[in-house]
Amino acid sequence: MWYLYLLECQNQHYYTGITTDVERRFRQHLSGKGAKYTRANPPTKILGVLPYPDRSQASKAEHMVKRLRPCEKLAFFGKA
């Protein structure tokens, strides 16, 4: 199982990614070993997680979400 996740960062922006273990990946972002973006803008919390059956579908969803406006990202994760 793969997961699409949405993080809120210290700069009040959002970061979207995929992983098989959201808690582990969040810890990596917090420790500075995550993505380049989260090294410069550390995350403060996980806002949402959605499951996908495989990496391909999770990657497609990630690509689509990254193109959304911030309010649309929240709505996609049911947080609006």
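How many aromatic pairs does a search of the whole structure find? The search finds 3 aromatic pairs, where rings of Phe, Tyr and Trp (its six-membered ring) count as paired if their centres lie within 6.5 Å, with planes under 30 degrees apart termed stacked, over 60 edge-to-face and the rest tilted. The model is a predicted one, in which local features need pLDDT of at least 70 and side-chain atom pairs count only at pLDDT 80 or more, while totals for chains, interfaces and linings use all residues. Residues are numbered from 1 along each chain as its sequence is written, and side-chain values use heavy atoms, with hydrogens and water left out.

The secondary structure elements described here are DSSP runs, numbered from the N terminus (helices, H or I, of at least four residues; strands, E, of at least two). An open sheet of 3 strands has the order 2-1-3 and antiparallel pairing, two strands being paired if DSSP finds at least two bridges between them. From one strand to the next, the twist averages 20 degrees.

Strand 1 (residues 2-9) pairs with strand 3 in the antiparallel sense over 8 bridges. Within this pairing, tyrosine 3 stands opposite proline 51, and glutamate 8 has lysine 45 as its bridge partner. Strand 1 and strand 2, which also run antiparallel, are joined by 6 bridges, and tyrosine 5 stands opposite glycine 17 in strand 2.

The hairpin of strand 1 and strand 2 has 4 residues between the strands. Glutamine 12, in the loop between these strands, has a positive phi, near 70 degrees, although it is a residue other than glycine. Most residues other than glycine have a negative phi. Glutamine 12 counts as exposed because its relative accessibility is 54%.

Helix 1 (residues 22-31) lies across strand 1, strand 2 and strand 3, running at about 150 degrees to strand 3. Helix 3 (residues 55-66) touches strand 1, strand 2 and strand 3, and its direction makes about 170 degrees with that of strand 2. Contact here means heavy atoms within 4.5 Å; axes are lines fitted to C-alpha atoms, for helices over the stretch in contact, and angles run from 0 to 180 degrees between N-to-C directions.

Among the aromatic pairs, the rings of tyrosine 5 and tyrosine 15 have centres 6.3 Å apart and planes at 45 degrees, so this pair is tilted. Tyrosine 5 lies in strand 1 and tyrosine 15 in strand 2, so the pair ties together parts that are 10 residues apart in sequence. Both tyrosine 5 and tyrosine 15 are buried, and together with Tyr37 they form one aromatic cluster. Phenylalanine 76 and phenylalanine 77 form an edge-to-face pair, at 5.7 Å centre to centre and 75 degrees between the planes. Phenylalanine 76 is partly exposed, at 30% relative accessibility, whereas phenylalanine 77 is buried, at 8%.

The largest nonpolar core has 11 residues in all, including Trp2, Leu4, Ile18, Leu47, Ala58 and Phe77; such a core is a set of buried Ala, Val, Leu, Ile, Met, Phe, Trp, Tyr and Cys residues joined through side-chain atoms within 4.5 Å. Strand 1, strand 3 and helix 3 each supply at least two residues of this core. Apart from this core lies another, of 7 residues, among them Tyr5, Tyr15, Phe26 and Ala35.

Histidine 29, in helix 1, counts as buried at 1% relative accessibility. Its side chain makes a polar contact of 2.8 Å with the side chain of tyrosine 5 (a pair of N or O atoms within 3.5 Å; within protein, one must be able to donate a hydrogen and the other to accept it, and residues adjacent in sequence count only if both atoms are side-chain atoms). Beyond four places in sequence, histidine 29 touches residues including Leu7, Tyr15 and Thr38. Threonine 38, in helix 2 (residues 36-40), is buried, with a relative accessible area of 1%. A polar atom of the threonine 38 side chain lies 3.1 Å from the backbone oxygen of alanine 35.

Methods
Buried means under 20% relative accessible area, exposed over 50%, partly exposed in between (1.4 Å probe, protein chains only).
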